[in-house]
Amino acid sequence: MRVRILISAALGFLAAGLSLPQQARAQFGLPSRPSSTDSAPTSVSPASPRAALQSFLRLAEANDWVGAAEYLSVPTAERDRAPQLARRLKTILDQRLAIDVRTVSGAVSGDTTDGDLGGDRIGVITSVNGREDPVRLVRLSAPASGGPVRWVFSQATVGFIDGWFENLGAPWLRERLPRTLMRTLMREGPFNVYYWQWIGLGLAIPVVLLLAWGLGAVLRNLLGRIARRTVTEWDDLLLEHLRGPFRLWAASLAIGPLLSLLDLNTRVAGFFTSLTRGLVLISIFWGLLRIIRLAQDRVANAAWATGQGTQARTLVPLLGNFLRVTLAIIAMLVALAQFGYPVGTLLAGLGIGGIAVALAAQKTVEHLFGSVSLAADNAFRVGDWVRAGAAEGAVERIGLRSTSIRTVDRTVVRIPNGRLADERIETFGERDRILLRTDIDLTYGTTAEQLERIRDALEAALRAHPMVFADIVRVHVVGFTDSAIRINVVSWFLTTDWQVFLRIRHEMLITFMRIIGEQGSSFAFPSRTVYHVQTDGATPVSIIGASAPATDV
């Protein structure tokens with residue numbers, strides 16, 4: 001079950017990641033999906049800040065640092081270092097700034113609403129001393145020759161490049177490792193993560209697990225001492241059930257401080273931050289599911305102790321399933337909010353699409369309310385023997401959508417609760433006693449005196465049984481059939497166990513058989529009597545009648 005839950009959660013997060021909003025995908029460093037804005041050729045001017053930034057990034061990805069340097073406003077004294085500055089700026093942007101190109105203005109004039117006239121701020125980088133240095137693109141006026149307007153990184157931004165670059169990675173690591181080794185470890189690997197950071201991530205995994213285990217053991221020992229001083233058992237069970245969620249929560253808390261030492265780039269750090277929050281949410285919802293399970297078991301056991309166990313087997317699992325579904329919906333909404341979806345807008349959209357959802361889920365809602373109706377009416381309980389429509393058997397499970405009935409053939413019939421709520425349900429489990437009703441057919445050779453003695457003996461045998469319901473015992477001659485005198489026997493036995501009733505009925509029928517034999521009578525069966533009438537010299541004539549066994553006259 002745990003494996004299926006984890007796989008489902010992983011698939012859910014994967015699906016969410018594949019359908020992330022554009023802003024969230026940019027935060028995680030995922031490739032963006034094309035939009036109508038990006039595909040329209042007239043939406044972005046080639047002389048806009050967005051076009052300049054896209055050209056710089058494209059040239060940098062192609063390692064054309066000379067061409068990328070054309071988009072830097074480099075002072076004349078540092079013209080020779082322009083390609084090196086372009087390379088360093090690309091590294092800085094990868095490590096310290098998660099740029100979403102779509103948020104940069106695509107107009108020739110740039111973003112005129114940010115108050116930065118003649119420039120366009122695309123981000124802010126925090127320096128070592130806490131100062132926030134802006135990363136700006138500025139517009140160069142068209143030359144006298146009438147050339148196009150160009151956007152480049154400002155001279156102030158170019159002036160910050162060397163300081164930003166020196167603070168990349170970990171300065172404390174630079175000071176302690178040999179220069180040759182540091183040059184190798186400071187090379188960028190996949191996802192713009194340095195090799196020394198990949199090594200640190202590999203070492204962080206066992207450290208996180210060890211910290212989670214140690215922190216969990218210490219706090220569980222402390223809370224266990226407190227729980228053992230209480231008179232109740234639920235707190236001890238709660239600690240035992242929350243061991244797994246607590247370890248996951250402790251591991252998620254340990255991830256943040258360890259990753260801060262690695263100084264990862266903005267995109268990867270943002271991904272791990274969201275991953276940490278996701279692990280915290282998973283641990284919380286996992287713990288709530290465990291609490292629901294513990295409460296379900298405790299309520300069921302308490303109901304058994306008070307004699308309401310059969311009803312608890314029906315209502316408690318139904319309520320537990322309802323709480324789990326509700327918790328799953330809440331967890332889904334929180335996960336969507338975590339990945340950047342506007343949950344408020346989604347909830348508002350449910351009002352507009354409520355009619356379509358109601359029509360599509362009409363049967364599901366019908367079955368859900370059917371289960372609530374069955375539980376509220378207490379029509380039957382798990383373990384009851386019922387007859388509902390054409391199905392008859394023992395109720396094995398009452399779910400949110402359907403009810404499972406085990407038939408006498410050991411097959412399982414699943415009936416939707418919406419249909420079951422409208423069926424005529426006959427519940428044998430609610431009987432306070434079980435009826436014995438049978439007809440005894442005696443031969444027509446039985447005399448009236450024998451009938452009286454047989455009737456009295458049958459009634460006496462019934463009343464003498466310790467489990468008979470003495471208020472109603474009926475033994476009467478009810479009619480004359482074609483081949484028998486019929487005695488009807490009606491009584492109830494004070495048991496609700498069908499197996500016990502079968503044993504009692506067996507004993508009573510054997511007793512009835514002995515009584516009839518002792519009184520000189522016998523059981524009748526369908527037969528015909530043939531009378532052969534023959535006169536002297538005449539052809540025999542057969543007269544056929546339907547009564548006692550055949551005799552010759």
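## Salt bridges, sheets and a surface patch

Arg387 is partly exposed, with a relative accessible area of 29%. The model in which it sits is a predicted one. Its partner comes next. The side chain of Arg387 meets that of Glu426 in a salt bridge, 2.5 Å from N to O. Arg387 belongs to strand S4 (residues 385-388) and Glu426 to strand S8 (residues 425-427), so the pair ties together parts that are 39 residues apart in sequence. Glu426 is partly exposed, at 26% relative accessibility.

Glu426 also forms a salt bridge with Arg424, at 4.0 Å from N to O. Arg424 is exposed, because its relative accessibility is 64% and the exposed class starts over 50%.

### Overall picture

The protein has 20 helices and 13 strands. It has 553 residues, and 35% of them count as buried. Take the contacts between residues at least 6 apart in sequence: 59% of them join residues at least 24 apart.

### Other charged pairs

How many salt bridges does the structure hold? The count is 14. One of them joins the side chains of Lys90 and Glu61, at 3.2 Å from N to O. Lys90 lies in helix H6 (residues 82-96) and Glu61 in helix H4 (residues 49-61), so this pair links parts that are 29 residues apart in sequence.

Is Lys90 buried or exposed? Lys90 counts as buried, at 9% relative accessibility. The cut-off for buried is under 20%. Glu61 counts as exposed, at 58% relative accessibility.

Salt bridges also form a network. Glu78, Arg81, Arg88 and Asp162 are its members.

The pairs with stated distances are these:

| Salt-bridge pair | Distance, N to O |
|---|---|
| Arg387 and Glu426 | 2.5 Å |
| Lys90 and Glu61 | 3.2 Å |
| Arg424 and Glu426 | 4.0 Å |

### The S9-S11-S10 sheet

Three strands form an open sheet in the order S9-S11-S10, and their pairing is antiparallel. Why is one side of S9 and of S10 left without a neighbour in the sheet? Strand S9 (434-442) and strand S10 (468-480) stand at the edges, each with a single partner strand, so one side of each has no neighbour there. From one strand to the next, the twist averages 15°.

S10 and strand S11 (residues 485-493) run antiparallel and are joined by eight bridges. Across this pairing, Val477 stands opposite Ile487 in S11. In general, strands of a sheet pair through backbone hydrogen bonds, either parallel or antiparallel.

Which strands does helix H19 lie across? Helix H19 (residues 448-464) lies across S9, S10 and S11. H19 runs at about 160° to S10. Helix H20 (residues 498-518) lies across S9 and S11. H20 runs at about 25° to S9.

Strand S1 (residues 119-126) pairs with strand S2 (residues 132-140) in the antiparallel sense, over seven bridges. Here Asp120 has Leu137 in S2 as its bridge partner.

S2 also pairs with strand S3 (residues 150-153), again antiparallel, over four bridges. In this pairing Val138 has Val152 in S3 as its bridge partner.

Which residues make the nonpolar surface patch of about 280 Å²? Leu222, Leu223 and Ile226 make it. Leu223 lies in helix H10 (residues 195-228). Leu223 is partly exposed, with a relative accessible area of 40%. That value lies over the 30% that a residue needs to join a patch.

Asp236 lies in helix H11 (residues 234-241). Leaving aside residues up to four places away in sequence, Asp236 touches Ala227 and Arg228. Asp236 counts as partly exposed, at 31% relative accessibility.

Conventions:
Residues are numbered from 1 along each chain as its sequence is written. This is a predicted model: local features need pLDDT of at least 70, side-chain atom pairs count only at pLDDT 80 or more; totals for chains, interfaces and linings use all residues. Side-chain values use heavy atoms; hydrogens and water are left out. Two strands pair if DSSP finds at least two bridges between them. Helices (H or I, at least four residues) and strands (E, at least two) are DSSP runs, numbered from the N terminus. Axes are lines fitted to C-alpha atoms, for helices over the stretch in contact, and angles run from 0 to 180 degrees between N-to-C directions. Contact means heavy atoms within 4.5 Å. Patches are made of residues with over 30% relative accessible area and no salt bridge: like charges are joined within 9 Å, nonpolar side chains (Val, Leu, Ile, Met, Phe, Trp, Tyr) within 5 Å. Accessible areas come from the Shrake-Rupley method with a 1.4 Å probe; for residues, only the protein chains shown count as cover. Buried means under 20% relative accessible area, exposed over 50%, partly exposed in between (1.4 Å probe, protein chains only).
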